[in-house]
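Biologist: I would like to go through some terms used for this structure. Please set each value against its cut-off.

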Protein chains: 4
Amino acid sequence: MEKLHFDSDYMRGAHPLIMHNLTATNMEQTPGYGSDQYSEKARQLIKEACQCPEARVYFLIGGTQTNSTVIDAILKNHEGVIAATTGHINVHESGAIEATGHKVLALPSHEGKLRVCDLENFIDDFYADESYEHMVAPGAVYISYPTELGTLYTKEELCEISKCCRKKNIPLFLDGARLGYALAANPEISLSDIASLCDVFYIGGTKVGALFGEAVVVTNPEILHHFVPLVKQHGALLAKGRILGIQFMTLFTDRLYEIISRNAIIQAMKLKKIFMDHGYSLYIDSPTNQQFFLLPNSFIDKLRELVTFELWGSKGAEVTPVRFVTDWATSDAEINLLEQIIDNIQQES
Amino acid sequence: MEKLHFDSDYMRGAHPLIMHNLTATNMEQTPGYGSDQYSEKARQLIKEACQCPEARVYFLIGGTQTNSTVIDAILKNHEGVIAATTGHINVHESGAIEATGHKVLALPSHEGKLRVCDLENFIDDFYADESYEHMVAPGAVYISYPTELGTLYTKEELCEISKCCRKKNIPLFLDGARLGYALAANPEISLSDIASLCDVFYIGGTKVGALFGEAVVVTNPEILHHFVPLVKQHGALLAKGRILGIQFMTLFTDRLYEIISRNAIIQAMKLKKIFMDHGYSLYIDSPTNQQFFLLPNSFIDKLRELVTFELWGSKGAEVTPVRFVTDWATSDAEINLLEQIIDNIQQES
Amino acid sequence: MEKLHFDSDYMRGAHPLIMHNLTATNMEQTPGYGSDQYSEKARQLIKEACQCPEARVYFLIGGTQTNSTVIDAILKNHEGVIAATTGHINVHESGAIEATGHKVLALPSHEGKLRVCDLENFIDDFYADESYEHMVAPGAVYISYPTELGTLYTKEELCEISKCCRKKNIPLFLDGARLGYALAANPEISLSDIASLCDVFYIGGTKVGALFGEAVVVTNPEILHHFVPLVKQHGALLAKGRILGIQFMTLFTDRLYEIISRNAIIQAMKLKKIFMDHGYSLYIDSPTNQQFFLLPNSFIDKLRELVTFELWGSKGAEVTPVRFVTDWATSDAEINLLEQIIDNIQQES
Amino acid sequence: MEKLHFDSDYMRGAHPLIMHNLTATNMEQTPGYGSDQYSEKARQLIKEACQCPEARVYFLIGGTQTNSTVIDAILKNHEGVIAATTGHINVHESGAIEATGHKVLALPSHEGKLRVCDLENFIDDFYADESYEHMVAPGAVYISYPTELGTLYTKEELCEISKCCRKKNIPLFLDGARLGYALAANPEISLSDIASLCDVFYIGGTKVGALFGEAVVVTNPEILHHFVPLVKQHGALLAKGRILGIQFMTLFTDRLYEIISRNAIIQAMKLKKIFMDHGYSLYIDSPTNQQFFLLPNSFIDKLRELVTFELWGSKGAEVTPVRFVTDWATSDAEINLLEQIIDNIQQES
């Protein structure tokens with residue numbers, strides 16, 4: 001029997017409509033590097049969805065590349081970027097930020113989130129320090145939404161962080177690799193809220209229905225200049241840019257991005273309930289498509305015979321944190337089958 | 001009327017078989033970052049095609065990214081990479097090599113090619129210089145095949161360069177962004193020759209039938225260590241790696257890569273003949289899919305009303321060099337229509 | 001009245017014997033970049049003092065430069081350097097390490113020191129993590145002796161760290177900007193112990209009697225290749241290298257480095273006693289030339305009218321940590337005057 | 001017998017007055033990193049000498065370090081620096097510019113000099129190229145005065161280059177490692193001319209009477225921000241900054257820099273005349289302290305038994321270019337002895 005997979009949200013290909021549109025336009029000839037009409041159409045649709053007509057939109061290929069290119073473009077040579085210790089750029093990008101010459105200034109993570117008080121204190125302390133010229137200046141703030149741990153900032157928290165950044169004159173950059181899932185889980189914050197609270201952010205495609213692709217939205221034109229040559233320099237400028245354009249055009253036509261994102265949340269909530277109903281405890285209480293549980297090792301071993309998922313860190317003595325991820329295409333059948341498997345294991349023991 | 005396009009070989013999507021295979025496997029779930037079975041299959045097929053079972057094969061997304069990641073991985077901190085002044089890395093990658101901290105050591109270009117005598121002299125002079133420790137040491141040799149100008153090394157030339165590199169103990173890296181077209185144009189050199197003469201090279205997919213993708217083949221394992229974290233650090237590790245795997249698996253099944261490459265050469269030779277038959281002169285005599293002519297400006301202006309193509313450099317007083325590019329999908333109809341357009345322009349004047 | 005100064009150990013010029021030798025040799029002509037006879041003599045003397053005849057010795061100008069050049073030379077592209085959160089490279093070098101492309105992997109600081117258990121766990125956890133190729137690999141361990149907080153590793157602690165590094169095959173780099181003061185304060189560890197426990201370290205001149213200069217001692221030749229071009233590339237190769245040679249030749253003739261280092265410790269212990277006898281408490285109990293106290297703000301204000309010293313961090317509500325630093329030239333008269341000033345302030349209030 | 005030395009202008013120590021002042025102030029305590037009163041005094045004196053009261057002046061240690069720090073500070077990420085192919089930054093700094101991520105855009109060298117027409121054409125061609133976003137943008141112009149080959153720009157040439165840079169809005173940076181010798185050789189251009197024609201330049205101390213040190217003068221405050229943390233990041237911030245301050249204070253008191261520079265030119269002209277009178281030909285006709293001759297190899301061999309000097313490049317079949325360098329301290333006796341040695345060799349043969 002084929003196993004069930006809940007390892008990550010980049011295991012499948014793209015939404016079928018994307019595959020259809022890529023195929024339908026496949027033999028057309030378009031100019032390169034994003035200067036085609038599909039990319040232009042996608043940029044328009046995204047600006048409308050953000051209610052930010054003056055924004056600039058760029059399409060890059062993947063998350064690590066987008067983070068390092070944007071952050072390198074924003075920072076001055078003597079500056080670093082503030083992030084939570086658990087932030088993707090601080091942990092899981094093989095030092096991509098440092099490879100561009102900049103320090104990640106790590107602040108405490110509160111279930112994946114930065115706290116505005118930590119942020120404010122850090123910046124104040126920096127400028128209060130008499131030897132601040134020998135220290136790395138905070139030049140940007142990086143947050144992700146949802147965070148590495150699936151958690152979400154409340155609107156109030158996000159507003160406070162944004163306000164702090166503006167008061168301190170430090171750009172706020174939001175990594176939205178899973179932005180669709182956050183928007184679906186927390187209707188309190190809309191895409192246009194994101195656009196108005198951040199200086200630059202990206203809308204993740206790779207994990208939300210595309211083959212690959214991240215749409216960078218720059219709402220504060222002051223912070224980013226000469227971005228295209230930098231994207232090229234970072235090896236992040238796709239020759240056949242229209243492939244990115246067609247994907248985002250599809251995702252932002254008829255609210256597809258919004259609609260397919262919802263499925264991941266619905267299935268994640270079912271998945272969470274199944275584990276809780278079967279007596280397992282949450283490792284973190286995540287409202288999004290990544291779900292974290294503390295499972296007994298013996299149960300993990302049995303479950304892994306039929307289901308793939310990630311251990312979250314190294315194995316504990318008796319229990320271990322694990323991560324289950326749903327996506328835009330997770331089906332009721334998969335969730336039901338998972339429940340049945342758990343039932344069976346429990347009955348056997 | 002839709003214009004005819006000869007601007008570049010990255011204007012269309014992918015070979016239909018690739019689109020078919022991507023679509024057919026679209027809803028499958030596979031592990032990420034190239035650890036899937038399609039990528040593994042593609043690696044096997046490429047190693048067979050190279051007759052180099054012990055090679056290591058990695059899939060990256062685009063040319064600039066591949067060049068800078070491989071070169072950064074090969075070079076030591078104090079070293080630079082030798083290239084022809086016209087080399088892509090020296091001219092058209094927005095300083096991607098330098099952004100990784102390394103100098104491009106530019107040697108004279110002979111219609112796009114490095115000469116082994118220049119190479120040998122440069123290396124000898126370097127070590128003969130008493131202040132060589134204050135200079136950038138040659139740490140790798142970069143050539144492309146075909147070159148930026150569509151030209152090809154002869155087998156003898158390539159063997160000499162390879163021999164020189166091995167004598168001097170300097171890795172030879174071959175940029176094969178258009179490798180298929182070179183192999184089709186010059187049967188004297190096979191893929192397994194390339195594998196045995198170079199230490200590392202890549203097989204271009206973006207310009208030869210894929211949506212995107214470059215297959216890096218490392219035949220000398222000594223020169224490259226810890227490549228995966230470096231690929232990640234460079235933002236060049238595709239999450240859904242299987243998309244690269246499926247594309248190269250398709251291209252290297254039933255010799256598709258070889259077969260579709262031939263078309264570009266056949267059409268390019270027809271295209272060359274048309275221009276020559278109509279009295280226009282070659283700017284460079286290229287045997288591959290990029291063709292360069294010296295055209296009168298008045299003719300260029302008329303032609304551009306119906307056909308798109310690149311001016312090669314800035315406009316001259318009366319004549320200007322131009323580039324026409326064919327690809328794996330260029331049709332007889334397109335070539336015939338081009339001829340007709342040229343006929344018409346000549347008859348009108 | 002001229003104020004008393006205890007701000008740092010780089011406020012005076014050089015030991016008078018150094019000034020004498022620089023002046024005596026001033027009009028001689030010697031070849032550049034450290035190839036002169038004085039530098040050669042200094043290298044010999046240092047190798048003898050380290051009892052390590054096969055070591056390689058290089059002279060650089062200052063601490064930050066030495067740290068970033070050595071660490072850049074040791075690390076591979078995908079690696080970072082482990083350091084305590086309080087380590088100089090993590091805090092006070094304006095991001096010099098990151099500017100060379102490498103992450104500082106910060107571990108908890110225990111009064112400035114790394115603990116071997118933290119080190120071992122970090123390295124083990126790294127390789128146990130299934131996604132370690134997406135993380136920055138530990139490629140070197142940086143410690144300083146004394147630490148930023150004036151504290152010292154015991155011989156046992158240093159041996160354990162060294163043993164751990166060798167077991168894990170990770171080079172150990174010791175920043176000895178104030179090494180003379182550590183050796184004077186802790187006779188348990190000799191210079192030859194340092195040489196045998198570390199793979200590379202430096203003997204600080206700037207803070208211990210020289211105008212400037214740090215002597216890098218490489219005892220493990222495997223870890224560092226092509227160092228001279230890298231020193232040049234980092235802008236750290238002094239043209240008139242003999243100025244460094246003469247200074248270190250002087251410091252390592254007749255044990256001058258050892259002898260003058262002792263004075264700083266003797267005066268620091270007197271200074272510590274004065275504060276404690278007057279009822280002030282230690283912030284950290286440092287055995288070296290940096291002394292840290294917790295002083296009432298009102299007392300600080302009065303003291304600062306006559307004495308300069310550093311606040312250690314930002315001002316507290318009622319008490320604030322401060323740092324007093326002695327050096328090779330701190331005199332009895334200075335210490336006595338400090339005591340008198342403290343007496344007077346206490347009597348006035 | 002001790003040999004005569006004409007290898008370079010960094011073979012001796014410092015002007016005796018500098019040694020005197022360093023010794024006289026040696027035991028004073030001053031704050032670090034250039035915030036002392038001597039550095040402040042030196043900055044004032046230099047601004048007066050430049051007739052540029054609003055300039056900002058910084059002291060760095062050596063030439064390579066100064067070039068890479070200033071250029072890194074001026075350039076944006078996507079930009080490179082234009083220099084002559086023979087420029088020091090392009091040839092003899094071990095890739096220090098590239099190590100900061102920037103390309104050196106090399107233009108033809110005309111006896112070491114850039115021509116304004118080449119400069120203008122290069123910049124115009126860059127922006128005329130339709131793919132300029134894939135190319136490295138010219139972000140600064142680097143010239144040296146005197147050049148690597150000892151030659152000098154005329155005032156007209158320098159004015160034209162300056163005018164071109166301002167028209168194109170590209171900062172002009174002048175490397176004045178040997179500036180004193182240029183000013184002494186060409187009274188047509190004064191220090192205040194340099195200050196008004198360049199955006200940033202430096203006054204070399206290392207080769208003109210100091211132990212070491214380069215004074216960076218920024219006359220266009222727009223081009224350079226946050227320079228101190230960058231200097232620190234580059235490892236170029238001397239802890240005991242007053243040592244630089246005292247040296248430049250001495251050099252710019254009573255026009256010492258100007259006076260001692262003249263000696264090198266006077267002696268260089270005598271030296272040139274000796275070689276020409278003895279029938280040897282010039283390799284380049286240099287008006288400054290570096291003199292280049294084409295000497296027969298047999299003569300070189302005999303001369304080298306008694307005199308040290310540099311071969312300029314690799315040895316020719318019969319004749320080889322050589323370089324002789326005078327400095328601020330070259331004596332009549334040395335020049336006379338050189339003449340006598342040449343006489344003797346000629347008589348013997």
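Biologist: What makes B:Arg304 count as lying over the face of B:Phe309?

Modeller: B:Arg304 lies 5.3 Å from the ring centre of B:Phe309. A charge sits over a ring if NZ of Lys or CZ of Arg is within 6 Å of the ring centre and within 35 degrees of the ring normal, so the pair qualifies. The charged end of D:Lys113 is likewise over a ring, that of D:Tyr153, at 5.8 Å from its centre. This is a predicted model, in which local features need pLDDT of at least 70, side-chain atom pairs count only at pLDDT 80 or more, and totals for chains, interfaces and linings use all residues. Side-chain values use heavy atoms, without hydrogens and water, while residues are numbered from 1 along each chain as its sequence is written and chains are lettered from A in the order in which they are written.

Biologist: Why is the aromatic pair of C:Phe252 and C:Tyr257 called stacked?

Modeller: The whole structure holds 70 aromatic pairs over all chains. In the pair of C:Phe252 and C:Tyr257 the centres are 5.2 Å apart, with 20° between the planes. Rings of Phe, Tyr and Trp (its six-membered ring) pair if their centres lie within 6.5 Å; planes under 30 degrees apart count as stacked, over 60 as edge-to-face and the rest as tilted. The pair is therefore stacked.

Biologist: How do you know that C:Phe252 and C:Tyr257 are buried?

Modeller: C:Phe252 has a relative accessible area of 12%, and C:Tyr257 has 4%. Buried means under 20%, exposed over 50% and partly exposed in between (1.4 Å probe, protein chains only), so C:Phe252 and C:Tyr257 are buried. In chain A, 65% of the 349 residues count as buried.

Biologist: Which residues of chain A are linked into a cluster by ring pairs?

Modeller: The cluster consists of A:Phe6, A:Phe275, A:Tyr280, A:Phe293, A:Phe299, A:Phe309 and A:Phe324.

Biologist: How do you know that chain A agrees with a compact globule?

Modeller: The radius of gyration is taken over C-alpha atoms, and the globule rule is 2.2 Å times the number of residues to the power 0.38. For 349 residues a compact globule would be near 20 Å; chain A has 21 Å, so the two agree. The C-alpha trace of chain A spans about 60 × 60 × 35 Å along its principal axes.

Biologist: What makes the relation of chain B to chain D that of a two-fold axis?

Modeller: Chain B superposes on chain D by a rotation of 180° with 0.0 Å of shift along the axis, at an RMSD of 0.0 Å. The relation is therefore that of a two-fold axis. Copies are superposed by least squares on the C-alpha atoms of residues with pLDDT of at least 70 in both.
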